[in-house]
Every structure is written in structure tokens, then in C-alpha cells.
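Open the model in your viewer and keep the selection tool at hand. The stops below say what to select and what is there.

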Amino acid sequence: MSELFSDTSCRQLSQFIVAIIFFHVSEYILAVCSQGRSNVTLKSLLISKNYVVAMICSLLEYWLEITFFPGLKEYWWVSNSGLFMVVFGETIRKVAMVTAGHAFTHLIKTHHEEQHRLITHGIYGFVRHPGYCGFFIWSVGTQIMLLNPICTLAFAVVVWKFFAGRIPYEEFFLRQFFDDEYEEYAQRVPSGVPFVK
């Protein structure tokens, strides 16, 4: 049990907690700034039952490994690369939100609205779904930062599968809204999530 209060675990767990708090609070604040307070609900915090279960599994793996295999948590270069991924993924996602402004929403739009514009400049000139790309990097990075090998793999697979299903669904509507303009954009710019066209 003393391993849970070691310098290693205090640093890794505090970085993990700060990353989670910053991600969700900044997500909510940016949603309010771009959409207006009346259009934002607590769903913009992006906390679901599945997400809570994933984070509990993450902490459980961390506790079991630091208790029974404390040496596993001492690979600082790996942990620091995870921290870099967390910061990098967070930056990509927030730049995407700011660049898209009012066009960025947490729910997929199924009806075209008059103010709805196709965003292709800034970070959207490099990846079509930088918000998804950023979250993918951030989520896997949190587990690398904690040196959780099982959850690293699980997070990568689960988040990838989620986006592999969500991107085609979202792009179906984007093609309906923007027709050839979106088709040309999709041919030119990658999705930003590995192996999702």
C-alpha cells in the first residue's frame, strides 16, 4: 500500500487527475463560449457511464500494478512520452474547437442549419476530424502516462472502434449538407484517426 503514496505514484496520479479535470472543464467552457450558455448542457462535459467505467478500470490497473509490480511504473521516459501525448492531443482538440467555433458541436448534426459551414482552414486543412484525432491521442496518452499496458491497448481499441463507427455516420450527413465540396475535401484530407478513411 505504501507504493500508492510513493513519489512515482503521486506524480503519475496527479498528472492523470489534472489531465482529466482540465480536459472536461475546458471542453465545457469552450462549448459555452462557442455555442452560448443556453445551448450547452452537462453532456458537454463528455462524461458517460462507459467513460467512468474506463477510468475506474484504468485506476484499478494502476493500483494493482503499483502494488504488485512497482518497478513497472518507473519507466519515466515512457511515462513522459504519455504526458507529451496528453498535452499534444489536448492541444489538437482545443485548436479544432476554437477553429471551428460555432460549427463545432458534441452531437452530430443531422439537419443542415443556415449558419452551418464546412470548416477546411487551419488544423482542418491537415485532418478532417482533429477533435477526434486529439481525443484519440489524449486518451491513449493518459494510459501510457500511467504505464498501464492493458488499458493502453484497451483504450486504443475501444476509442478507435468508437470513431471508426462515428466518422462514417457523421460524414454521411456532411456529404448531404455540402455535397461535392465535402467529397473533394474528404479525398484531399485524411480523417486524422488511423485506418479510418
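Start by selecting L60, which lies in helix α2, residues 49-68. Helices here are DSSP runs of H or I with at least four residues, strands are runs of E with at least two, and both are numbered from the N terminus. This is a predicted model, in which local features need pLDDT of at least 70 and side-chain atom pairs count only at pLDDT 80 or more, while totals for chains, interfaces and linings use all residues. Residues are numbered from 1 along each chain as its sequence is written, and side-chain values use heavy atoms, with hydrogens and water left out.

L60 has a relative accessible area of 47%, so it is partly exposed. Buried means under 20% relative accessible area, exposed means over 50%, and partly exposed lies in between (1.4 Å probe, protein chains only).

Next, select R175 in helix α5, residues 149-188. R175 is partly exposed, at 30% relative accessible area. Which residues does R175 contact, leaving aside its neighbours within four places in sequence? They are Y182, E183 and A186, where contact means heavy atoms within 4.5 Å. The C-alpha atoms of R175 and A186 are 9.5 Å apart, and the two residues are 11 residues apart along the chain.

Then move to L147, in the loop between α4 (130-145) and α5. L147 is not a glycine, yet its phi is positive, about 55°. Most residues other than glycine have a negative phi. Is L147 buried or exposed? Its relative accessibility is 9%, so L147 counts as buried.

For the last stop, select F195, in the segment after α5. F195 also has a positive phi, about 65°, although it is not a glycine. With 81% relative accessibility, F195 counts as exposed.
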